[in-house]
Amino acid sequence: MTRRTYSLEFFPPRTAEGVEKLRAARRQLAQLKPAFCSVTFGAGGSTREGTLETVLEIRGEGVPATPHLSCVGSTRESIAAVLAQYRAHGIRHLIALRGDMPSGTVDAGEFRYANELVAFVRQETGDWFHIDVAAYPEMHPQAHSPYEDLANFRRKVEAGANSAITQYFFNPDAYFRFVDDCDGLGVRIPIVPGIMPIASASKLARFSDACGAEIPRWIRRRLEGYGDDTASIRAFGLDVVTDLCAKLVASGAPGLHFYTLNQASLTTTIWQRLGL
Ligand SMILES: Cc1cc2nc3c(=O)[nH]c(=O)nc-3n(C[C@H](O)[C@H](O)[C@H](O)COP(=O)(O)OP(=O)(O)OC[C@H]3O[C@@H](n4cnc5c(N)ncnc54)[C@H](O)[C@@H]3O)c2cc1C
């Protein structure tokens, strides 16, 4: 069996205060010895410099760091420039995404889908990068059907993706089914579950609506029942998410990728409870 990969995700902070907060979170999270920390990339290159700066800072702290790269709203020339910049810094792992255009934007750029980005990265840089792509066990919200979404996932793998990280989910069966379906299509790259710790009921509901992740009714009802009692929400969320992770790992998931939202405490507690 290949080694499991436990990793963390951050977004590039937009303010000096955010930079400091993320540094403090990272000091705590570095003790977990993650396989890597990834840093998101805003659509149309809106966080390009912030992504690279954050990646370099993490690397300077002795932790492997991986930039995301999203292609929507970008030209081939601008993506080639980002790839050249990543290469010049000796970065060899990236997470390749389509991204989402901010509403009201008209120019979608020269890439329509992530498979085109993966193909472009391979064409420009050969095998230089290990490429991760996104996977959706509960289906991407814009897909017409789970079957089409799966076929589109396969396109990314055929274009040269090495592994994948999923959108978060709370129903492990959705993940196991997705992995089985991939296997049935001959798609056998590692598919690492993305994990969202629960910090706030309202934020979770908002994110989940936007990205198509289902909050099972029993979880939603319990969260609603806690009202403004943040401590109970966090305690319940820790139990639910730790159980989910334990099931995933026990059933052979090739790792876990935590959406930290630049916060250390929930991820640290889950990680320690799992004994990773
Ligand atoms: C692990 C992870 C990290 C992320 N990081 C970022 C980030 O850093 N920055 C950011 O902006 N967003 C990020 N996102 C969000 C992501 O950009 C959105 O979910 C986006 O809507 C889809 O991106 P994708 O790469 O999965 O797109 P795609 O794989 O291109 O899929 C998008 C939709 O198009 C369909 N589709 C795909 N290919 C084709 C095709 N050839 N023909 C027809 N239909 C097709 C798919 O079925 C799907 O419905 C991340 C998501 C995940 C899961």
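Methionine 139 sits in the loop between strand E5 (130–135) and helix H5. In this predicted model, methionine 139 has a positive phi of about 80°, although it is not a glycine. Most residues other than glycine have a negative phi. With 23% relative accessibility, methionine 139 counts as partly exposed, because that class runs between 20% and 50%.

Lysine 33 has a positive phi too, of about 55°, and it is not a glycine either. Look for lysine 33 in the loop between H1 and strand E2 (36–39). Its relative accessible area is 70%, so lysine 33 is exposed.

Where does the ligand sit? The space it takes is the largest pocket. The shell around the ligand draws two or more residues from each of these elements: strand E3 (65–70), helix H4 (114–125), helix H5 (146–158) and strand E6 (163–168). Which element gives the most to this shell? The answer is H5, with 4 residues.

The shell can also be read by residue type. It divides into 9 nonpolar, 10 polar and 5 charged residues. There are 24 residues around the ligand, and the ones that come nearest are Phe41, Asp100, Tyr136, Asp149 and Lys156.

Some pairs of atoms deserve a look one by one. Start with histidine 68. An N or O atom in its side chain is 2.9 Å from an oxygen atom of the ligand. Glycine 99 uses its backbone: an N or O atom there lies 3.0 Å from a ligand oxygen. Then comes histidine 140, with a polar side-chain atom 2.7 Å from an oxygen atom of the ligand. How much of the ligand does the protein bury? Taken alone, the ligand exposes 960 Å², and the protein buries 86% of that.

Is tyrosine 147 buried or exposed? It is exposed, because its relative accessible area is 68% and the class begins over 50%. Tyrosine 147 and phenylalanine 36 are 111 residues apart in sequence. In space, their C-alpha atoms are 31 Å apart.

Arginine 26 is a charged residue by type, yet it counts as buried at 5% relative accessibility. The cut-off for buried is under 20%. What joins the side chains of arginine 26 and glutamate 61? A polar contact of 2.7 Å does.

Why does isoleucine 215 count as buried? Its relative accessible area is 10%, and buried means under 20%. Isoleucine 215 is 44 residues from asparagine 171 in sequence. From C-alpha to C-alpha, the two are 8.4 Å apart in space.

The last stop is arginine 234, in helix H9 (residues 230–250). Arginine 234 is partly exposed, with a relative accessible area of 29%. Leucine 223 is 11 residues from arginine 234 along the chain. The C-alpha atoms of this pair are separated by 9.4 Å.

Key. Residues are numbered from 1 along each chain as its sequence is written. Side-chain values use heavy atoms; hydrogens and water are left out. A residue is near a molecule or strand if one of its heavy atoms lies within 4 Å of it. A polar contact is a pair of N or O atoms within 3.5 Å; within protein, one must be able to donate a hydrogen and the other to accept it, and residues adjacent in sequence count only if both atoms are side-chain atoms. Accessible areas come from the Shrake-Rupley method with a 1.4 Å probe; for residues, only the protein chains shown count as cover. On a 1 Å grid over the protein atoms alone, a cavity is a set of points where a 1.4 Å probe fits but cannot get out, and a pocket is an open set with protein on both sides within 12 Å along at least five of seven lines; lining residues have an atom within 4 Å of a point. A molecule sits in a cavity or pocket if more than half of its atoms lie within 2 Å of its grid points. Buried means under 20% relative accessible area, exposed over 50%, partly exposed in between (1.4 Å probe, protein chains only).
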